[in-house]
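Welcome, and thanks for taking a look at this pair of chains. Please have the sequence and the coordinates open as you read on.

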Amino acid sequence: MSACCNDDPRIHDIKSKIRVVPNFPKPGIMFQDITTLLLDPKTFKNTVDLFVERYKNKNISVVAGIEARGFIFGPPIALAIGAKFVPLRKPRKLPGEVISEEYTLEYGRDCLEMHIGAVEPDERALVVDDLIATGGTLCAAMNLLERAGAEVVECACLIELPDLKVNLLSQNFT
Amino acid sequence: MTTTVITTLPHFSNLSRGIFVRPNFSFPFSPSRRLAGNLASSNMAAAAAAISPVPKDDLERIAKISATIRVIPDFPKPGIMFQDITTLLLDPVAFKDTIDLFVERYKHMNISVVAGVEARGFIFGPPIALAIGAKFVPIRKPKKLPGEVISEEYSLEYGTDKMEMHVGAVQPGDRALVVDDLIATGGTLCAAMKLLERVEAHVVECACVIELAELKGRDRLGEKPLFVLVSST
């Protein structure tokens, strides 16, 4: 949930640095582009700091980042909280033995993979991606971690797509 | 006068002064070998210390880092010994040391942009950028970046591929560092450098965790300096 951070003055700056690109990757989609945020060192640092402040005392031992934009935000968080970083990747990118989790797309299916042995049973895990849309990828990520016996403490994203969640603001006014 | 700085293990060098010292025997690298123990007992260590003392701390950190890198044979195809850095990422101390070694080198070089090559460059580039106060620019495979991009084609063993960068991400006069986990033939790094140079940035150096020395990527970079932590033959 984003409630914890809404009053933080850093959030407004972060929101303002995200660029919306219409009709990408296909017509009708308003793409939330975080690369413009990465161009402002202070804003990028604030983004990471907000996550680190939330997770540093939660005994997180592993941060799992989803390829590829989760690779940008996950490692700095992992480094700051002293956790290991585990990349979750598209098929055939990770060398060696992996476990795979299939998930559904709008049309068809895709697959996420994790190294065997990267995560031990009872580890406390955080899953990181830049954005949550339908949640399909994040669910696949969580399944991989849980199959390895880890406990997923939370999923953390910069952006949640508004159309895909309940509009809490409108409820407050009734 | 020091010119380009090329620092690798097991070649001893003074990291802060940029003097490159090539040892007179080859030291075949294997991630399973315990570098620290070998170095301590070799005459090389004494000779190198006399020429250009390397902080013991740096060597120790690099030795530990290289010990965490896993080699996977026959990936992605038969005959290739794949250098897997994911095992490095599983060791928070080794991962932190890796970043620290790069940050110590670059923090006073006025780097304004760190460009990371998709996807493993996304793991090492951002922490470096954050620590030195530079912006981070992802260099990506085609059709991943939204909005206006410039493209640079480069050759593969069979065929070509492309790298893209956002228009407007980098300004003329920006001092840039290019980061990837590994340099092989140097094709990808060259393409990344060209993208930056086309927008009139100055590429100060390319930085990788690992160099596959046999593939001579260093030569392909030409005059551009390359800094690596671990050299694998």
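A residue is called buried under 20% relative accessible area and exposed over 50%, with partly exposed in between, using a 1.4 Å probe and protein chains only. Helices (H or I, at least four residues) and strands (E, at least two) are DSSP runs, numbered from the N terminus.

## Ground rules

This is a predicted model, in which local features need pLDDT of at least 70 and side-chain atom pairs count only at pLDDT 80 or more, while totals for chains, interfaces and linings use all residues. Residues are numbered from 1 along each chain as its sequence is written, chains are lettered from A and ligands numbered from 1 in the order in which they are written, and side-chain values use heavy atoms, with hydrogens and water left out.

## A helix in chain B

Let us begin with helix α5 of chain B, which covers residues 92-106. Its 15 residues reach 21 Å from the first C-alpha to the last, close to the 21 Å expected at 1.5 Å a residue; the expected span is 1.5 Å times one less than the number of residues. The buried residues of α5(B) include B:Ala94, B:Phe95, B:Ile99, B:Leu101, B:Phe102 and B:Val103. B:Asp97, B:Thr98, B:Arg105 and B:Tyr106 are also among them.

At the start of α5(B), B:Asp91 brings a side-chain oxygen to within 3.1 Å of the backbone nitrogen of B:Val93. This is a polar contact, meaning a pair of N or O atoms within 3.5 Å; within protein, one must be able to donate a hydrogen and the other to accept it, and residues adjacent in sequence count only if both atoms are side-chain atoms.

Chain A has six helices and eight strands, and along the sequence they follow the pattern α-β-β-α-α-β-α-β-β-β-β-α-β-α. Of its 174 residues, 47% are buried. Taking contacts (heavy atoms within 4.5 Å) between residues of chain A at least 6 apart in sequence, 58% join residues at least 24 apart.

Four strands of chain A make an open sheet with parallel pairing, in the order β4-β3-β7-β8. Its edge strands are β4 (84-88) and β8 (151-160) of chain A, each pairing on one side only. From one strand to the next, the twist averages 25°, with axes fitted as lines to C-alpha atoms (for helices over the stretch in contact) and angles running from 0 to 180 degrees between N-to-C directions. Strands count as paired if DSSP finds at least two bridges between them; β7 (residues 124-132) and β8 of chain A have eight, in the parallel sense. In this pair, A:Ala125 stands opposite A:Val152 of β8(A).

## A hairpin in chain B

In chain B, β7(B) and β8 (residues 160-166) pair in the antiparallel sense over seven bridges. Here B:Ile150 stands opposite B:Met165 in β8(B). The hairpin has four residues between its strands, and B:Gly159 takes a positive phi near 95°.

## Backbone details in the loops

Most residues other than glycine have a negative phi, and most peptide bonds are trans. Against that background, the peptide bond from A:Glu67 to A:Ala68 is cis, with omega near -5°. A:Ala68 sits in the loop between β3 (62-66) and α4 (70-81) of chain A. Another cis bond joins B:Phe75 and B:Pro76, with omega about 0°, and B:Pro76 lies in the loop between β3 (70-73) and β4 (81-84) of chain B.

Two lysines of chain B have positive phi values: B:Lys143 is near 70° and B:Lys216 is near 55°. B:Lys143 belongs to the loop between β6 (135-139) and β7 (149-155) of chain B, where its relative accessible area of 71% makes it exposed. B:Lys216 lies in the loop between β10 (202-212) and α8 (217-220) of chain B and is exposed as well, at 51%.

## Where the chains meet
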